[in-house]
Amino acid sequence: MATPIKEWSKLEVRAVVRFLFWKGTKPSEIHKHIAETYGEGAMSRSRVYQWCAWFGEGQTSLGDEPKSGRPKTLTNEENTTRVDELIRCDRRMKIREIALKLEIPKSTVREIVHDTLGYRKVSARWVPKMVTEDHKLQRV
């Protein structure tokens with residue numbers, strides 16, 4: 001038996017499954033070929049059967065379909081902009097107040113304020129950690 005390929009991607013393995021499926025190979029044989037070529041951890045037997053069923057139903061895409069439901073994080077461009085606008089309007093606003101106004105969790109607001117925007121509290125006001133010329137011109 002040859003040494004399994006060490007570096008592979010999900011799409012590569014899925015392409016092999018699709019190719020072998022359309023050649024008429026049984027899913028159990030496909031799994032055997034994948035395990036020999038890529039190693040046991042490449043794709044489980046049940047996942048091979050699942051992908052074969054999807055290809056049989058007419059799916060052509062090898063990528064993951066977009067998931068429905070709530071996004072993993074609310075730290076997106078829109079919320080970052082909204083938080084920055086609120087802070088620029090009132091530099092004394094608290095994280096709790098921002099969270100209530102925007103209806104997003106305090107932990108997300110804290111992440112946006114501190115990590116994304118780079119603000120910190122000084123004398124009860126939000127100030128950027130690194131003051132640039134633009135920040136100096138915006139002083140109230």
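Author: Happy to! Let's begin with handedness: a crossing is left-handed if the near helix is turned anticlockwise from the far one by less than a right angle, and right-handed if clockwise. Keep in mind that this is a predicted model.

Reader: Which hand does the crossing of H1 and H3 have?

Author: H1 and H3 cross in the right-handed sense. H1 covers residues 10–22 and H3 covers residues 45–56, and their axes come within 10 Å, crossing at roughly 60 degrees.

Reader: How is that orientation described, then?

Author: Angles of 65 to 115 degrees count as roughly perpendicular and those under 35 as roughly parallel. The crossing is at roughly 60 degrees, so H1 and H3 are oblique to each other.

Reader: Which residues meet where H1 and H3 touch?

Author: From H1 come Arg14, Val17, Arg18, Phe21 and Trp22, and they meet Val48, Trp51, Cys52, Phe55 and Gly56 of H3. By type, this contact has seven nonpolar residues, two charged and one polar.

Reader: What does UniProt place at residues 12–57?

Author: An unreviewed UniProt entry gives the feature "domain: Mos1 transposase HTH" there, at residues 12–57. In the model, that stretch is 76% helix and 0% strand, with its end C-alpha atoms 20 Å apart.

Methods: Residues numbered from 1 in each chain as written. Predicted model: local features only at pLDDT ≥ 70, side-chain atom pairs only at ≥ 80, totals over all residues. Heavy atoms only, no water. Axes fitted to C-alpha atoms, helices over the stretch in contact; angles between N-to-C directions. Helix = DSSP H or I, 4+ residues; strand = E, 2+ residues; numbered from the N terminus. Parallel < 35°, antiparallel > 145°, perpendicular 65-115°, else oblique. Contact = heavy atoms within 4.5 Å. Nonpolar A, V, L, I, M, F, W, Y, C, P; charged D, E, K, R; others polar. UniProt positions renumbered as here; feature names shortened; annotations may be inferred.
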